[in-house]
Amino acid sequence: MRDKVSPMRLGVDFGTTTTAIAIVDRGNYPIVSFVNNREDTVDFIPSILALDGDHLVYGFDAEDAAREGAPHLRSFKRLLSDPSVTDTSTLRLGNHSISVLDALTGFLTYVARTVRTNSSVASVPASEKLEALVGIPAHAWSAQRFLTLEAFRRAGWDVLAMVNEPSAAGFEYTHRHAGTLNSKRTSILVYDLGGGTFDASIVSATGTLHEVLGSRGLNLVGGDDFDVILANRLAAAAGTDSGLLGDAAWERLIEDARSAKEALSPSSKFITVPVNGEPTTIPVADFYDAATPLVNATVEAMEPLLVPDASGVGQLGGDVAGLYVVGGGSQLPLVARILRARFGRRVHRSPHTAASTAIGLAIGADPEAAYTVREQLSRGVGVFRERDGGSFISFDTLLEPNTELAPGETLTIKRCYRAAHNIGYFRFVEYSSFDEAWVPRGDLQPCGEVIFPFDQSLRRSDVDLESIEVVRTEDGPLIEESYIVDEHGMVTVEITDLDTAYTIRRPLGRK
Ligand SMILES: Nc1ncnc2c1ncn2[C@@H]1O[C@H](COP(=O)(O)OP(=O)(O)OP(=O)(O)O)[C@@H](O)[C@H]1O
Ligand SMILES: [Mg+2]
């Protein structure tokens, strides 16, 4: 029996396709199982929402409603990773427009209720807190971090911390394979192919301290894409396509393709799936041919984390104990085949492929395990400033990508200068890398804007700052810019006129 005195601690992996949860239970981290509406016991809650009549339903209920033809949305985590998402973004379901934050809050409320009332740890009284370590993709923009944390809080969870999903899988690996780590092999490369995203991270593991040394990913590649590839192949073999089939038949085909994909074994030769009611068979090799570029894209995305061998081909570095393969999408036999061909025997697959992250999060949530994680911001934050009447825009790096964050602490960066203009235009961006001239490149995402009146006479509500020309001034006020990065990797900017204490404070990544 669980000790009823202490609050329940869990690891929650809100995934694109599935939400998996593991619990801290006296040194064990069992996966929480649930009974779905067909009375099957499963290890996850599907991450799906649907409109049943006029109200939103989630998880197993949404799956049922979707099967009955209700408007529904799978993989809604993908909306969060869209660079243009903000805390005011909405999604459409049928003819309803719903805020993304409300949808996520509703889903996480459903997850909490299901854990309490209909799971392998039921029943948990409402008075007992659910304390969770929550996973977040390593590549999440600030807006995604904010939305995730805020929705968990609103849904009644007590969030202990948000941790990079691959770091969590790293906990699971070291907990299980501590023996493979030694003074020479000090890190692991986590390969996480989920339903909707791919992430790879080098996690250094010394004792119980885990540190993410580098992380790469593809926000829009995952196991769900294999379903679409397979469905297209099957449709072509049946002489049709998605357009000809229409929405309902196409969705049915994708669902059947997913089941067929999940049933493949390394020795499977043919796949048979009904297309529009007609059994259609294709060789597995055809499907694998079409899916190979996708797996190769994941290997390519890892390239910056590899070390070139004599012929320039990226290999696991000498300090890497193994390539740890996690995520449900990596159960496709083709994935291990391609990875083994490239990296040989240092490829290890998690025994709980789809729940590795959740188990790792539970390990991280266990004070007894004493695992700590040192996180890095995988995104950099910088600012474009307009200079000299807007004729010149300069870029300053504020936080470089891979800036280190100490566990549970905030990091503050300050800069102080005398203003040389009447107005300061600050356009903040997040970015994943920069070139030799320190100009950001790769993904770049505006994440906030501040127009600061350095000139005191402009600090009135009736002044439209945007319409005022930027001009040089003498003897401007002393300005301090502070960039405060909290323990969840969210950045707040604070610009203050130190002479008068006039200040503007803005969290980045939010409207
Ligand atoms: N036996 C299997 N063979 C192949 N693929 C599988 C198998 N079981 C599950 N999958 C696939 O795994 C994917 C879901 O993986 P997982 O639960 O790790 O993703 P997620 O955590 O929801 O997504 P993400 O990490 O991208 O947010 C789905 O595409 C599913 O079809
Ligand atoms: Mg996942």
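Biologist: Which residues is Thr357 in contact with, leaving aside its neighbours within four places in sequence?

Modeller: Thr357 is in contact with Asp13, Glu165, Ala168, Ala169 and Asp192, once those neighbours are left aside. Contact means that heavy atoms lie within 4.5 Å.

Biologist: What kind of model is this, and how is it labelled?

Modeller: This is a predicted model, in which local features need pLDDT of at least 70 and side-chain atom pairs count only at pLDDT 80 or more, while totals for chains, interfaces and linings use all residues. Residues are numbered from 1 along each chain as its sequence is written, chains are lettered from A and ligands numbered from 1 in the order in which they are written, and side-chain values use heavy atoms, leaving out hydrogens and water.

Biologist: Why is Thr357 called buried?

Modeller: Buried means under 20% relative accessible area, exposed means over 50%, and partly exposed is in between (1.4 Å probe, protein chains only). Thr357 has 5%, so it counts as buried. Thr357 is found in helix 11, residues 356–365.

Biologist: What makes a stretch a helix or a strand?

Modeller: Both are DSSP runs, numbered from the N terminus: a helix is H or I over at least four residues, a strand is E over at least two. The protein has 11 helices and 31 strands.

Biologist: Which residues of helix 1 are buried?

Modeller: Helix 1 covers residues 59–67, and its buried residues are Gly59, Phe60, Ala62, Ala65 and Ala66. In an α-helix there are 3.6 residues a turn, so residues three or four places apart point the same way. Just after helix 1, Gly69 takes a positive phi of about 95 degrees.

Biologist: How do you know whether Val100 is buried or exposed?

Modeller: Its relative accessible area is 5%, so Val100 is buried. Val100 belongs to helix 3, residues 100–117. Not counting residues up to four places away in sequence, Val100 touches Leu80, Ser89, Thr90 and Leu91. Thr86 is 14 residues away along the chain, and its C-alpha atom is 8.8 Å from that of Val100.

Biologist: What is the phi of Glu39, and of Ser75?

Modeller: Glu39 has a positive phi of about 70 degrees although it is not a glycine; Ser75 has one of about 50 degrees and is not a glycine either. Glu39 lies in the loop between strand 3 (34–35) and strand 4 (41–42), whereas Ser75 lies in the loop between strand 8 (72–74) and helix 2 (77–81). With 65% relative accessible area Glu39 is exposed, while Ser75, at 15%, is buried.

Biologist: How do you know how many disulfides the structure holds?

Modeller: A disulfide is a pair of cysteine sulfur atoms within 2.5 Å, and the structure holds zero of them. Of the cysteines, I can give two as examples: Cys416 is partly exposed at 45% relative accessible area, and Cys447 is buried at 6%.

Biologist: Why does the radius of gyration agree with a compact globule?

Modeller: The rule is 2.2 Å times the number of residues to the power 0.38, with the radius taken over C-alpha atoms. For 511 residues a compact globule would have a value near 24 Å, and the protein has 25 Å, which agrees. Its C-alpha atoms fill a box of roughly 80 × 60 × 55 Å along the principal axes. Buried residues make up 54% of the 511.
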